[in-house]
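Dear colleague,

I am handing over the structure below for your records. The findings follow directly after it.

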Amino acid sequence: MRKKIGAIILSVMLSLSLCACGGDTSQTSAKSTEASDSNMKLKVIATPAPASCSQVAVAEEMGYFEEEGVDVEIQYVTNLSDMASIIAGGGCDAAFNSYYTVLTWIDSGLDVKVIAANNDMGGTQAAAIRTDIEINSPKDLENCKLGLVPGAEVNVAIMRMCDEYGVDFDAINKVEVQPADQLSAFESGDIDIIACWEPWLTKAESMGGRFLLSGNKADIEGIPSDVDWLTLYETTVVPTSAVTEKADALAAMLRAVKKAECYINSNRDEAVEIVAKVCESDVDEIAGIMEKNDYRWGVDSQYKDTMSSLEDFMFEHKIIQNDIEFDDVHDFSILKKAVPDAYTLD
């Protein structure tokens, strides 16, 4: 639906220090490298949505990859199965996707490792309900027609909401439909609730839909509240072989992405313009969506605790068939060397 962004290949011989964001995060940049060195070239894939593409889009636009001495070719894909196929076929060196999706990939046998955590996008995984549907108690949701994408992250938030309020998730009339078609079905009244991710929720609300829930907020009984139903990190994931074969290039990429995170948090209006261009979306819409993302780059105990909890939930509810351990998913060796201040897990 959106065009792919081609490669920008540049020769650089720069040595810069990493920007600081609230602490001493200055790092020595990658040593000057000839552009012809294949070890310093990366093919990267992301989806054209703010949670996935913000940091790579800003890093490319601001020249941070160039500053760090790495040539990055970015390909934007909209279909998650296409992304998995590209990785499996050796068509990329790194990808940006949610931890939830990465777990499903590993569960299906894809040999990848998470090397960094980019941002918490739980607030962008949400559901909206038509305003003509009256909900007097959460149990009334059992009488609704729920549009959802099989295996989507927002399903975890809905299932946890059901667990908390005693709603029978299996009793809800679920209609499996992709986001764009959900929007049409929502508008026509063929479904009562749209459940997916941004920007579709913002579009549904602009059509008169009422916000129902997200990973971190809820308004089910007319009383808005904070919840903890889905903390969901966007991650940097690489083929396992790339951890050793592309270590220097990946380290440079992580430094550039860290710089982009600093820029996003300190120059939000300018960052929104960059991301809106990549997503081919309205600036105001992208600004609202980016406000729901928590751009908190790095790995800490909260990341491990929440992602381990997500792993357990997905296994318990048979979303994944294998009991996957946290340490089996991750390899932080590059992160700890490239941006040590971003790793506080130890």
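S98 counts as buried because its relative accessibility is 0%, where buried means under 20% relative accessible area, exposed over 50% and partly exposed in between (1.4 Å probe, protein chains only). Please note that this is a predicted model, in which local features need pLDDT of at least 70 and side-chain atom pairs count only at pLDDT 80 or more, while totals for chains, interfaces and linings use all residues. Residues are numbered from 1 along each chain as its sequence is written, and side-chain values use heavy atoms, with hydrogens and water left out.

S98 lies in strand β4 (residues 94–98); helices (H or I, at least four residues) and strands (E, at least two) are DSSP runs, numbered from the N terminus. The side chain of S98 makes polar contacts with the side chains of T101, at 3.0 Å, and E153, at 2.4 Å. A polar contact is a pair of N or O atoms within 3.5 Å; within protein, one must be able to donate a hydrogen and the other to accept it, and residues adjacent in sequence count only if both atoms are side-chain atoms. Neighbours within four places in sequence aside, S98 is in contact (heavy atoms within 4.5 Å) with M121, E153, L232, Y233, E234 and T235.

Turning to the strands, β7 (residues 145–148) runs parallel to β8 and is joined to it by four bridges; two strands pair if DSSP finds at least two bridges between them. L148 has E176 of β8 as its bridge partner. Two bridges also join β7 to the parallel strand β9 (residues 193–197), where I194 is the bridge partner of G147. β7, α5 and β8 form a right-handed β-α-β unit, right-handed meaning that, with the strands pointing away from the viewer, the path from the first strand over the helix to the second runs clockwise.

The loop between α5 (154–165) and β8 (173–176) holds D170. D170 counts as exposed because its relative accessibility is 65%. Its C-alpha atom is 8.4 Å from that of E142, 28 residues away along the chain.

Not counting residues up to four places away in sequence, L335 touches I115, A116, L254, W297, V299, P340, A342 and Y343.

For the chain overall, the secondary structure comprises 14 helices and 13 strands. Of its 346 residues, 56% count as buried. Among contacts between residues at least 6 apart in sequence, 76% join residues at least 24 apart.

With kind regards
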